[in-house]
Amino acid sequence: MKLRSILKNVFVSSVFVSVAGLAQAEQVTLVSNDQSLSITGELVSFNGSVFQVRTTIGQVQIAASMVTCSGPGCPAVSQNMDFSVVATSELAPKLLSELMQGFAQSANLNPNISLNGAGGVERVRFTNQSGDSSGQVDVQSVPALQGLQNVLDGQSDITLSSAAVTPQIARRLRGNAEEILSDADRQKVIALEAIVPIVHPDNIVRSVTLEQLARIASGEITNWSQLGGANQTIRMVLPADDTPEFQLFKSRVTDPNRVRVNNSVDRLSRNERPTDVVFRDTSAISIASFGEEGDTQVVPIRLSCGPVAYPTTFNIKAEEYPLTNRVFLYTSENPSRSASAFTNFALSEASNNAISASGFVDQQVTALPIDFQGTRIATALTQAVNNDQVLKVKDFADDLAEAQRLSTTFRFRTGSSQLDNKAVNDIGRVGEYLVAEAAGREIMVVGFTDSVGREDLNLLLANRRAEQVRDAILASSGSALSASQVEVKSFGPLAPVGCNETQQGRADNRRVEIWVR
């Protein structure tokens with residue numbers, strides 16, 4: 001854990017403390033919960049939640065929830081981890097269970113997890129290393145709307161959900177739900193999820209559109225020959241309705257295409273894996289969580305305007321693979337300090353292992369050269385309508401030829417120049433990465449737009465957005481990054497990652513990328 005991450009959480013603590021004989025100006029060692037950092041110095045004060053320590057780098061303040069204290073000056077600490085969580089039924093069995101175990105480990109506690117009849121987390125009891133109780137987390141597995149209403153009403157500290165608070169959802173909730181729950185202080189993106197279409201390895205179909213997937217599900221497409229494959233009846237097998245895989249399939253495939261799953265579609269039982277079913281049947285198609293495709297063949301998604309989107313970790317983190325979704329953590333207006341500590345853990349690097357182990361994709365920043373980003377340049381060239389645009393594509397390729405792109409991509413609120421909530425939290429994450437990995441290197445902040453409107457105005461808009469991201473990253477890094485090290489570039493509608501003919505594609509294209517060389 002970086003020192004900046006610890007200091008950032010200085011006033012957030014999961015620890016309710018009783019102090020017994022605090023010895024002033026005695027030596028203490030504070031070790032971060034993930035064991036990656038230790039600080040030794042004289043304990044100046046301790047107010048029950050924050051250590052103030054005099055060190056060789058100056059006097060620092062560190063939240064007690066983020067560290068373990070050792071040494072003669074350490075106060076006696078008693079922990080109380082009571083808080084409440086609501087999770088949608090598809091997230092409780094996997095993600096919440098792993099996060100609770102990781103959170104307990106980070107706080108040096110032992111979790112005792114009780115499951116309900118459906119396999120979801122029902123209660124987590126914490127004990128310290130002496131076996132004494134350190135509180136409990138009460139968990140409810142509920143539908144998405146109820147979970148949002150609970151956290152809106154303050155009936156739970158935290159809600160985990162794959163549902164964004166859209167205007168349509170907000171209208172079904174009491175109170176000013178969209179404004180309140182869409183606030184960056186209340187809505188956090190803690191992970192990403194993705195599904196992939198899978199077929200038998202002998203299937204010769206090499207890509208499929210989202211519309212075609214919907215038409216298979218609805219029963220309109222019934223033979224593989226309709227997709228360029230063999231003359232064979234298609235057997236679609238889908239997960240149960242309350243699984244995260246089906247919910248994502250519904251939100252990204254069937255709902256946007258206004259179709260329902262036909263009764264002829266087979267459904268997986270709780271004990272069946274889609275990979276096993278598909279591998280035994282050359283006619284079958286199903287969906288699986290990203291990374292769990294086994295020996296089957298993954299079918300990439302062909303966008304309506306031509307390019308093919310491949311399900312890679314990088315593309316999912318960049319949110320450029322169409323069957324990707326965000327996983328949100330919502331907090332009540334006044335969450336308990338222990339709930340705030342859990343939120344901080346879920347947003348930190350320390351949660352990455354728990355997120356990956358549960359089948360989701362973490363938000364750790366990775367870098368990739370342009371050569372490994374599929375057909376991006378080729379697609380840009382094929383979509384160029386005149387020689388001027390061809391030259392601009394060449395300039396784009398030349399500028400970034402020896403650079404690496406970061407997986408984190410900044411996007412904006414719909415119809416606004418404001419960064420969306422994920423981007424707000426990504427500023428610090430990217431700043432930390434650049435401080436650690438880009439010393440002495442050139443950083444390029446590159447703005448893009450959709451193709452709506454005049455190109456010259458789009459170039460200006462992309463430049464303004466890139467400047468906004470640059471300024472935020474520089475501010476988050478303190479003086480660790482130099483303004484002269486960071487260059488702003490604008491390519492407007494060039495090199496789209498989505499189709500400008502669709503609303504989702506235009507939203508994907510309005511973005512700011514970070515490149516390092």
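**Close-up views of a predicted model**

At 0% relative accessibility, Arg-511 counts as buried. This and the views below come from a predicted model.

**View 1. Arg-511 pairs with Glu-513 in a salt bridge.** The closest N and O atoms of the two residues are 2.9 Å apart. Glu-513 is buried too, because its relative accessible area is 0%. The pairing does not stand alone. Salt bridges with shared partners join Glu-320, Arg-405, Arg-411, Arg-511 and Glu-513 into one network. Side chains of opposite charge can pair when their charged atoms come close.

**View 2. Glu-513 also meets Arg-405 in a salt bridge.** The N to O distance here is 3.6 Å. The pair links distant parts of the chain. Glu-513 sits in strand S24, residues 511–516. Arg-405 sits in strand S20, residues 404–406.

**View 3. Arg-517 forms a salt bridge with Glu-442.** Their closest N and O atoms lie 2.9 Å apart. Arg-517 belongs to the segment after S24. Glu-442 belongs to the loop between helix H14 (421–437) and strand S22 (443–448), so the pair ties together parts 75 residues apart in sequence. Arg-517 counts as partly exposed, because its relative accessibility is 33%. Glu-442 is partly exposed as well, at 26% relative accessibility.

**View 4. Cys-305 and Cys-499 form a disulfide.** Their sulfur atoms are 2.0 Å apart. The count for the structure comes to one disulfide. The link between Cys-305 and Cys-499 is left-handed, with -85° about the S-S bond. Cys-305 lies in the loop between strand S16 (301–302) and strand S17 (308–309). Cys-499 lies in the loop between strand S23 (486–492) and helix H16 (503–509), so the pair ties together parts 194 residues apart in sequence. Cys-305 is partly exposed, with a relative accessible area of 28%. Cys-499 counts as buried, because its relative accessibility is 4%. A disulfide is a covalent bond between the sulfur atoms of two cysteines.

**View 5. Glu-178, Glu-179, Asp-183 and Asp-185 form a negative surface patch.** Take Asp-183 from this group. Asp-183 lies in the loop between helix H5 (177–181) and strand S11 (187–199). At 33% relative accessibility, Asp-183 counts as partly exposed.

**View 6. Asn-108 has a positive phi although it is not a glycine.** The angle is about 60°. Asn-108 is found in the loop between helix H2 (92–106) and strand S7 (110–115). The residue is partly exposed, because its relative accessible area is 41%.

**View 7. Arg-258 is not a glycine, yet has a positive phi.** Here the angle is about 55°. Arg-258 lies in the loop between helix H7 (244–254) and strand S13 (266–267). With a relative accessible area of 80%, Arg-258 is exposed.

Key
Residues numbered from 1 in each chain as written. Predicted model: local features only at pLDDT ≥ 70, side-chain atom pairs only at ≥ 80, totals over all residues. Heavy atoms only, no water. Patch = residues over 30% accessible without salt bridge, like charges linked within 9 Å, V, L, I, M, F, W, Y side chains within 5 Å. Areas by Shrake-Rupley, 256 points an atom, 1.4 Å probe, with all protein chains shown as cover. Salt bridge = Lys/Arg side-chain N within 4 Å of Asp/Glu carboxyl O. Lys, Arg positive; Asp, Glu negative; His and termini not counted. Charge placed at Lys NZ, Arg CZ, Asp CG, Glu CD. Helix = DSSP H or I, 4+ residues; strand = E, 2+ residues; numbered from the N terminus. Buried < 20%, exposed > 50% of the residue type's maximum accessible area, 1.4 Å probe, protein only. Disulfide = S-S within 2.5 Å.
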